[in-house]
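Q: Please walk me through how side chains pack in this protein, with the cut-offs spelled out as we go.

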Amino acid sequence: MDLYPLYNSIRIASISSVIIFFLGIFAAYYIKKLPAKVKGAIDVVLTLPLVLPPTVVGFFLIKILGPNSPLGKIAVEYFKFPLIMNWYSAIFATVIVTFPLMYRTTRGAFEAYNQNLSYAAQTLGKSNTWIFWKVLMPNCKKGVMAGLVLSFARALGEYGATSMVSGYTPGKTATISTTVYQFWRIGQDTVAYKWVMINVLISFVVLVAINFLEDTNPKEKNYA
């Protein structure tokens, strides 16, 4: 059994999770400070990939990154670096598809944060950077970790946009999801079931892990 789809899926999901971890935190932290109307408009744009069909996201990516697009032509002609139909092309798709999960979950955690803790740290002369990493993030880590884990699981199982920008090439671009489809398409359901179970098992372990971390966190202190 060729395990490349497993390796490639974990690689893509891990890289995209690192990217959206920082992007999601950055966006959530600064957007929550904006006026309500502005925040609402930006929310619509950033959350749109969550409700769009993944194939629509893939279509836009092909138009933006494809060899006939200005960006795609520059990447190929000057850098010999095609942006689609490679394993790393799936990263573009998974980042866009999973970003709303990280952003909305993290922003919810930030908005529920007790701002008095930051004010108390400011009276002690602490910098905003220190307060962010030492006060805000530890108090919001459950929400941030939940968003990260959900985004990783979603990236691991992404199919629509990934299949459009990366295709399916065994040993090169194959992921668990595209492999399931290909084996089902050619009637090899037994092999397809194996990959389905692998995906289900990984997703189950990831979700159990985050629940375990939440249950083992010390009880939050009452600062009232």
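Q: Which residues does Phe110 touch, not counting residues up to four places away in sequence?
A: A contact is counted when heavy atoms lie within 4.5 Å, and by that rule Phe110 touches Ile25, Ala28, Tyr29, Lys32, Phe132, Leu136, Met137, Cys140 and Val144. This is a predicted model, in which local features need pLDDT of at least 70 and side-chain atom pairs count only at pLDDT 80 or more, while totals for chains, interfaces and linings use all residues. Residues are numbered from 1 along each chain as its sequence is written, and side-chain values use heavy atoms, with hydrogens and water left out.

Q: Which residues touch the most other members of the largest nonpolar core?
A: In soluble globular proteins, nonpolar side chains tend to be buried together. A nonpolar core is a set of buried Ala, Val, Leu, Ile, Met, Phe, Trp, Tyr and Cys residues joined through side-chain atoms within 4.5 Å, where buried means under 20% relative accessible area, exposed over 50% and partly exposed in between (1.4 Å probe, protein chains only). Here the largest core has 28 residues, and Ile25, Met102, Phe110, Phe132, Leu136 and Val144 touch the most other members. A second, separate core of 13 residues includes Ala13, Ile176, Trp195 and Ile210.

Q: How many aromatic pairs does a search of the whole structure find?
A: Rings of Phe, Tyr and Trp (its six-membered ring) pair if their centres lie within 6.5 Å, and planes under 30 degrees apart count as stacked, over 60 as edge-to-face and the rest as tilted. The search finds 14 pairs. Phe21 and Phe22 have ring centres 5.0 Å apart and planes at 85 degrees, so they are edge-to-face; Phe21 is buried at 18% relative accessibility, whereas Phe22 is exposed at 52%.
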